[in-house]
Amino acid sequence: MTATVSHDEALANARRLLSGEPGAALAQAQAIIEAVPTSAAAHRLAAHALRALDRETEAQAASLAAVGVTIHDEAMVDAALALAEDRLPDAEGALRQRLREDATDVAAIRMLAEVAGRIGRYEDAEKLLSRALQLAPGFGAARANLATVYYKQNRFADAAETLDAVLGDDPDNPAHANLRAAALGRIGGYDEALALYEELTRRFPDHAKLWMSYGHMLKTVGRQDDSIAAYRRALAADPGLGEIWWSLANLKTIRFDAEDRAAMEAALLAAEPDSDARADDRLHLHFALGKAYDDAAEHEPAFRHYAAGNAIRSGQLGYRAAETSAAVDAIIAACTPEFFAARADAGDPAPDPIFILGMPRAGSTLIEQILSCHSAIEGTMELPDIPALALGLGREAYDDGRRWIEALAETPRERLAELGAAFLQRTAVQRKTDKPFYIDKLPNNWLYTAFIRLILPNAKIIDARRHPLDCCFSNFRQHYAKGQAFSYGLADVGGYYRDYVRLMAHIDAVQPGRVHRVIHEALLDDPEAEVRAMLAFLDQPFEAACMAFHSNARAVRTASSEQVRKPINRDGVGQWQPYEKWLDPLKQALGPLLGAYPAIPADFG
């Protein structure tokens, strides 16, 4: 009999003993481990037997030991290779087979969670990782993965707390520390995040991405010179990292010189045009070069680079404009006057939230900066919670987040109140003052205006609107860290603007007076009149401090962070004009909206 057969037979015998004689099964498993220390199956059997004997601490250690020897398991090595090569169906099939054989294989559970996370099934990933940590609390890789899953779900406080434990076991891991600092920044823990970045950059002075992340945080809190210095340190460590160049460009307030352009062009040439691995570097470099040539008033190469960067990102995201239009159609069909009347005064009655929504790049950050200077209103940031709650409702009812409007129509009044209370609870971590009102300025909430009206009927809604060509072309020139998939094609961004205006016009018709619209150009022309009108809508008295918004030192996370630290100006008006000859797809997509702005065409629909 071969050693392999003896090993397999011994495992089979231990499994037979497990249900009735866990002590004997443990002895058998330990004998196998003594003979074959790399037998992951024997370590897992020992964990099973120890649990049956109520020796949980030892069982957890055995589960963790099984993880450590997984590198000797051929099937798991194959599954890991499939993951590394992004052959997710192959990896998932192999891992599910392993878990059918042994549902407590924590290495397989963690790897299956990674599969789930890669395809966006974060709730599944969270459940799997929680199970792995229940079986093996010391499994640091699973805990780090769980922190990432929390971060991806916008649960930043949970991510930061989980990373505390991860860093306690692995204090020298810069990736984990970087993620913790980022999570702290997302819940307003800027001082702690900056202190962590300062420590990390001292310990890892040549780590380009740490310097870049430090630059992001410095930008957020308004330390622009320090931010630029951090980005330049990052470039010294890795001049080919395109995201750093884009981070400098995204400050909007610096001008690249000829030396910078030459360095970016060289980095672009080195980024291997046929390599998918360098696609992100290329797209960031294209967007940064677009800004650089725009600064030099060289509009043809500027547009060429903008178009190239957008093409790469569009291919990555695969935006489907028809889905947005269909969603708007479904909302308009459902949201009749009778729909709202039947649910009047449902939802949570709290008046605290103020929603500023509309298109990105339409002036919402300026409005938030103005209002956050008021003694009764706190600015926060773009909060992800309204879409998360709406899509969660769709998944609960139909296993499809996109069907949230159908689910909303079937939601009982008490559940609407629960959803409103859930928003207030989820966003409480963002409130750092005792001001009675606070702002959520996520632009994309326009799609969920009906949802907001039902779950928070006393919340105020402000719609920020900007000239369609200025707004849409500004989006086309902007690379977003995540989301905004519509913005990477001229026709797509024009169609998205149309859908946004179409839905908001419907809301105006069926919920008159419930949304206050701020036309960006009117705000630039007569800021005090527009600010007074906004505050009247919010039932707040005018305060002169709102007119000195540019001196407000609050943190700002959006692409407009530096622009709103200057007095009102018209720098952004008409920036599309030098590029007009390339904008026909955008104009065609906008259709009659373009000539009618800021009015809505009578036959628009």
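A salt bridge is taken here as a side-chain nitrogen of Lys or Arg within 4 Å of a carboxyl oxygen of Asp or Glu. Glu199 and Arg203 meet this description in the predicted model, with N and O 3.5 Å apart. Both residues belong to helix H12 (residues 190–203), where they sit four residues apart, or about one turn of the helix. Glu199 is partly exposed at 33% relative accessible area, and Arg203 is likewise partly exposed, at 35%.

Arg118 has a relative accessible area of 38% and is partly exposed.

Another pair to look at is Arg415 and Glu396, joined by a salt bridge of 2.9 Å from N to O. It too links distant parts of the chain, with Arg415 in helix H24 (residues 413–427) and Glu396 in helix H22 (residues 385–398), 19 residues apart. The two partners fall into separate accessibility classes: Arg415, at 23%, is partly exposed, whereas Glu396, at 55%, counts as exposed.

Returning to Asp86 and Arg118, these two residues are also joined with Arg110 and Glu114 into one network, through salt bridges that share partners.

How values were computed
Residues numbered from 1 in each chain as written. Predicted model: local features only at pLDDT ≥ 70, side-chain atom pairs only at ≥ 80, totals over all residues. Heavy atoms only, no water. Buried < 20%, exposed > 50% of the residue type's maximum accessible area, 1.4 Å probe, protein only. Helix = DSSP H or I, 4+ residues; strand = E, 2+ residues; numbered from the N terminus.
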